Amino acid sequence: MPFIATNDVGTTRRRKLTPRQRLKVWETTGGVCVLCGRTIDAVRERWVVEHLRALELGGQDDFGNMGPAHDTCARDKTRDDHRRAAHAKRQKIQHLGAEAPKRQLPCGRNSPWKRTISGWIVAREVPRRAQEDRSG
Ligand SMILES: [Zn+2]
């Protein structure tokens with residue numbers, strides 16, 4: 001099987017836009033919502049700068065990835081993006097084995113028992129200082 005280099009999809013940093021930059025985003029579509037395709041009445045409707053590909057899903061924070069959108073349309077998209085990002089994170093955690101083990105190892109360091117080199121399982125000797133902490 002050939003080695004396939006995967007590019008890691010992480011969260012891109014979000015910059016704050018100046019009013020002039022918001023105007024530039026508005027003019028890329030001429031005031032048409034990038035999500036529903038209807039014209040935004042900027043006087044009566046709230047609008048936001050939407051990232052077409054969400055930052056948390058690897059989208060870039062540049063003008064090619066931005067467009068104006070109705071506030072209500074953007075909220076629906078954001079909810080869906082969060083759902084997809086959470087799913088991607090769960091998949092990555094599972095794939096990398098990054099989840100903490102759910103049960104401790106038998107005869108592990110925190111167990112009251114230990115396995116000797118000869119194979120016997122014996123009670124772990126508690127260091128004297130730890131015994132004093134427990135009693136006192
Ligand atoms: Zn819309």
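**Close-up views of a predicted protein model**

View 1. Read along the sequence, the protein follows the pattern α-β-β-α-β-β-α, which comes to three helices and four strands; helices (H or I, at least four residues) and strands (E, at least two) are DSSP runs, numbered from the N terminus. This is a predicted model, in which local features need pLDDT of at least 70 and side-chain atom pairs count only at pLDDT 80 or more, while totals for chains, interfaces and linings use all residues. Residues are numbered from 1 along each chain as its sequence is written.

**View 2. Helix 2 and its end.** Helix 2 covers residues 71-96, and its 26 residues should span 38 Å at 1.5 Å a residue, which agrees with the 37 Å between its end C-alpha atoms; the expected span is 1.5 Å times one less than the number of residues. After helix 2 comes Gly-97, whose phi is positive, near 65°.

View 3. Ala-74 has its place in helix 2, and Ala-74 is buried because 21 other C-beta atoms lie within 10 Å; a residue is buried if 20 or more other C-beta atoms lie within 10 Å of its own, exposed if 12 or fewer, and partly exposed in between, with C-beta atoms placed from the backbone. Leaving aside residues up to four places away in sequence, Ala-74 touches Leu-35, Val-48, Glu-50 and Ala-69, where a contact means that C-beta atoms, placed from the backbone, lie within 7 Å. The C-alpha atoms of Ala-74 and Leu-52, which are 22 residues apart along the chain, are separated by 9.9 Å.

How values were computed. Two residues are in contact if their C-beta atoms, placed from the backbone, lie within 7 Å.
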